Amino acid sequence: MASRMKKGLAAGAARQLAPRLTQLAPGLTHSFVREALQRAIHGIGPLPPAAAAAEEQLREQHGNVDKAIREVIENHVLYASIEGFATNLGGLVTAAVVAPANITGLALIQCRMIAGIAHLRGYDLDDPRVRNAILVTVLGEDQVLKMVKRKDLPAPPMAIATAPDVDPGLDRDVANAVAAELIGRVVGKRLAVTVSKRVPVVGGAVGAATDGWTTFRVGRYAGRELRPRP
C-alpha cells in the first residue's frame, strides 16, 4: 500500500512538473526532438555521424551486420547509462533544472543508435520517411503498439520507413509524441526515486540503470523492426 501511495505521489508530481520543464526549457517540444535527430545523424562534438560510427563497427566486425548492430546497441547503452547517472544526481529541487539535459541527451543517444542500425540495414538517413521511423522507434514497442491501435500512428516504424509517400502531417505528430514520452520517462523516474529514497547517489544509480535499460530495449526493438533493405 505504501509503495503504491509513493508511486502515486511521484506520478502526480511528474504531471505537475512536466509543464514547468517546458517553461524553463521551451525547446522541449517537437522542435527539440527534430534537432536531436539532426545532430544524431550528422554528429555533434566528439560524436561522429551515426552512419560513420556504424560503418566503423561494421569494419570491426568484419562485415557482419548483426554483430555490428549489437556493438552499436552496447555502445549506446553505455552512453545512456553514463548520461543517466550524471543527470540524475541531486533531488527534487534540481529536477526542473537538470531533467531537460537528461531528456535531450537521451533523445540524442537513442536517435543516434537507431539511425546507426537503420544505416546498417540499408535505409537512407536523409529520407524523411526513415527519419520519422527513427523517431517512432524511440517510443518503444509497447507504446508504438498502443498508438497504432488507437490510430494515433498510421503504422509501426518499418511500414512508415517504406511507405510509398511522405505524410507531411506525420512529422509534427511523431515529434510531439516522442517529446511527451521522453519527458514522462525522465520526470517520472526522477520523482519516483526522490519520493521513495531521497538519496542523491541512489538517484544517479537508478538513472544510469533506467536509461541504460530503456536504451537497450529500444535498440533491440529497432534491430527487430527495421528489417534489411536491398
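How many helices and strands are there in the chain? This predicted model has 10 helices and zero strands.

## Overall build

Along the sequence the pattern is α-α-α-α-α-α-α-α-α-α. The chain has 230 residues, of which 45% count as buried. Among contacts between residues at least 6 apart in sequence, 79% join residues at least 24 apart. The chain exposes about 11,300 Å², and carbon and sulfur atoms supply 59% of that area.

## Confidence

The average pLDDT of the chain is 78, and 69% of the residues score at least 70. Confidence is lowest in helix 1 (residues 2-24), with a mean of 43, and highest in helix 3 (residues 50-60), at 97. Residues 1-26 have a pLDDT below 50, and this stretch has 28 contacts in the model beyond near neighbours in sequence. Residues 89-98 also have a pLDDT below 50, with 23 contacts beyond near neighbours in sequence. Where pLDDT is low, the predicted coordinates should not be read in detail.

## Nonpolar core and surface patch

The largest nonpolar core has 55 residues, and those with the most contacts inside it are I114, L153, V178 and L182. Helix 5 (residues 92-120) gives the most to this core, with 12 residues. Leaving aside residues up to four places away in sequence, L153 touches V136, L139, V144, M147, V148, L170 and V174.

On the surface, L78, Y79 and I82 form a nonpolar patch with about 290 Å² of accessible area together. Y79 lies in helix 4 (residues 65-86). The relative accessible area of Y79 is 32%, so Y79 is partly exposed.

## Helix 6 and its surroundings

Helix 6 (residues 128-138) is mostly covered, with nine of its 11 residues buried. The buried residues are V130, R131, N132, A133, I134, L135, V136, T137 and V138. Helix 6 is followed by G140, which has a positive phi near 90 degrees.

R185, in helix 9 (residues 170-196), touches Q110, V138, L139 and G140, not counting residues up to four places away in sequence. R185 and T210 are 25 residues apart in sequence, and their C-alpha atoms are 9.3 Å apart in space.

## Salt bridges

How many salt bridges does the count come to? The count is eight. One of them joins R121 and D66, whose closest N and O atoms are 3.5 Å apart. This pair links distant parts of the chain, with R121 in the loop between helix 5 and helix 6 and D66 in helix 4, 55 residues apart. R121 counts as buried because its relative accessible area is 10%, under the 20% limit. D66, at 44% relative accessibility, counts as partly exposed.

D142 forms a salt bridge with R217, with the closest N and O atoms 3.5 Å apart. This pair too links distant parts of the chain: D142 is in helix 7 and R217 in helix 10 (residues 200-225), 75 residues apart. D142 is partly exposed at 47% relative accessibility, and R217 is partly exposed at 45%.

A further salt bridge joins R129 and D127, with the closest N and O atoms 2.6 Å apart. R129 is partly exposed, with a relative accessible area of 23%, whereas D127 counts as buried at 13%. R129 also has a C-alpha to C-alpha distance of 8.1 Å to D165, although the two are 36 residues apart in sequence. D165 lies in the loop between helix 8 and helix 9 and counts as exposed at 60% relative accessibility.

## Positive phi in loops

Most residues other than glycine have a negative phi. Which loop holds H62? H62 is found in the loop between helix 3 and helix 4. H62 is not a glycine, yet its phi is positive, at about 55 degrees. With a relative accessible area of 76%, H62 is exposed.

K151 has a positive phi as well, near 70 degrees, and is likewise a residue other than glycine. K151 sits in the loop between helix 7 (141-149) and helix 8 (157-161). Is K151 buried or exposed? K151 is exposed, because its relative accessible area is 74%, over the 50% limit.

Methods: Residues are numbered from 1 along each chain as its sequence is written. This is a predicted model: local features need pLDDT of at least 70, side-chain atom pairs count only at pLDDT 80 or more; totals for chains, interfaces and linings use all residues. Side-chain values use heavy atoms; hydrogens and water are left out. Helices (H or I, at least four residues) and strands (E, at least two) are DSSP runs, numbered from the N terminus. Buried means under 20% relative accessible area, exposed over 50%, partly exposed in between (1.4 Å probe, protein chains only). Contact means heavy atoms within 4.5 Å. Accessible areas come from the Shrake-Rupley method with a 1.4 Å probe; for residues, only the protein chains shown count as cover. A nonpolar core is a set of buried Ala, Val, Leu, Ile, Met, Phe, Trp, Tyr and Cys residues joined through side-chain atoms within 4.5 Å. Patches are made of residues with over 30% relative accessible area and no salt bridge: like charges are joined within 9 Å, nonpolar side chains (Val, Leu, Ile, Met, Phe, Trp, Tyr) within 5 Å. A salt bridge is a side-chain nitrogen of Lys or Arg within 4 Å of a carboxyl oxygen of Asp or Glu. pLDDT is the predictor's confidence in each residue, from 0 to 100.
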